Amino acid sequence: MRERSGQAAGQGGVTAGPGRDPESDRVRQDTTRRLERAMGTLGTAAMSRMDDRLMWFRALSAEDRSWVGLVAQAGIAAFVEWFQHAGEGRPTPSIEFFGTAPRELKRSISLQQTVDIVRVVVEVVEARSGELAAPGGEDQLQQAMLRYTRDVAFAAAQVYAREAEARGAWDARLEALIVDALVRGEVDDGLHSWAAALGWTSAPVVVLAGQTPGDDPQAVIDALRERGRRSGLDMLAGVQGDRLIVIVGGADSVAAAARHVVPRFGPGPVVIGPEVADLHSAARSARAAMAGLRAAAGWPDAPRPVHAEDLLAERAIDGDGDARAQLVENVYLPLIGTPLLDTLATYLEQGTSLEATARLLFVHPNTVRYRLRKITEMTGYQPTEGRSAFTLQVGLILGRLSETTVI
């Protein structure tokens with residue numbers, strides 16, 4: 001009874017120490033020699049089967065296919081070496097043979113594809129187990145294969161999990177560096193290298209700024225990345241204090257970018273910077289969005305989200321040099337030297353009264369109406385509308401100041 005039990009345990013490949021069945025050991029050694037002689041043909045058969053069954057394998061370059069073949073061959077050799085000592089208390093199989101492949105191949109082949117490789121190799125060995133196993137060793141070989149492939153699969157999953165964690169931590173660091181550089185306006189070749197490492201290729205680009213939600217900041221950033229993947233957009237996000245900055249690339253429109261991102265912000269205003277051509281120019285969009293967020297308190301009834309361009313007056317009052325220069329360029333300079341400037345100034349000073357403006361300028365009210373329409377065409381702001389009138393007023397003041405001071 002003890003002899004039979006020892007033989008069964010030895011065939012399972014798990015018995016160690018004294019009491020092993022010598023016959024089982026002899027069968028194992030005979031099977032090992034057969035496996036060693038067949039390693040070359042097994043590797044060739046595995047490559048042929050992968051080429052027949054795995055579409056992704058056929059799409060690989062010749063160099064990568066060669067590396068996969070070496071990995072499969074190394075896996076078979078590792079199994080043979082492990083099988084030879086499986087009855088001696090051999091520890092759980094490792095997957096050190098994956099180190100045969102270069103790092104680039106590991107990045108281009110997914111965990112699922114790795115499992116496909118293991119499955120094909122196992123099928124090839126199983127299909128020839130009858131001729132590979134020594135007489136009486138078929139069950140021993142099959143049991144060993146089951147354990148080996150199970151443990152290799154689990155070990156592969158652990159390796160990919162560690163790689164993903166390390167890659168995720170590195171990507172998060174690069175993402176934080178890119179966002180910080182854009183907010184500070186430090187755009188150089190390093191920024192492009194970081195973005196390339198993250199696979200950023202999208203254009204155009206727009207930056208949004210708002211308050212962070214009450215959730216864990218990293219959870220918010222992870223949720224934004226996932227939303228970007230689902231919607232086909234590139235997204236980078238960073239948390240600076242109580243501010244959340246999101247960079248969106250590849251959206252069909254600013255409105256589309258905002259629709260995907262705005263719900264992720266915390267309460268309060270969300271400001272959209274101007275759309276720019278690429279990531280290199282995104283510092284301008286980030287600067288406008290951040291300035292708009294600081295000045296948004298000056299317009300409590302602003303929509304959410306609000307464009308930074310719609311907050312030019314508040315930004316200028318808050319000290320934003322870009323907004324001041326833009327208002328002078330958009331409002332004051334187009335009107336200077338024309339009757340339109342005096343008409344606008346008088347109209348605003350008279351509380352937007354058409355009749356009072358006409359009397360002071362000694363012109364017909366229709367002339368004032370015509371000039372107001374021309375002002376709208378030249379500046380983009382409508383003097384008869386409250387918000388536009390306020391922006392025009394600030395632009396006039398800044399323009400007058402620019403005559404004697406540098407903004």
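In strand β3, D234 has G249 as its bridge partner, strands here being DSSP runs of E over at least two residues, numbered, like helices (H or I, at least four residues), from the N terminus. The structure is a predicted model, for which local features require a pLDDT of at least 70 and side-chain atom pairs count only at pLDDT 80 or more, whereas totals for chains, interfaces and linings use all residues. Residues are numbered from 1 along each chain as its sequence is written, and side-chain values use heavy atoms, with hydrogens and water left out.

Strand β2 (residues 234-240) and strand β3 (residues 243-249) pair in the antiparallel sense over seven bridges, where pairing requires that DSSP finds at least two bridges between two strands. The two strands form a hairpin with two residues between them, and G241 in this turn has a positive phi of about 65 degrees. Strand β3 is also joined antiparallel to strand β1 (residues 205-211), again by seven bridges. I245 of β3 is the bridge partner of G238 and likewise that of A209.

The protein averages a pLDDT (the predictor's confidence in each residue, from 0 to 100) of 81, and 80% of the residues score at least 70. Over residues 1-19, however, the pLDDT is below 50, although this stretch has 28 contacts in the model beyond near neighbours in sequence, a contact meaning heavy atoms within 4.5 Å. Where pLDDT is low, the predicted coordinates should not be read in detail.
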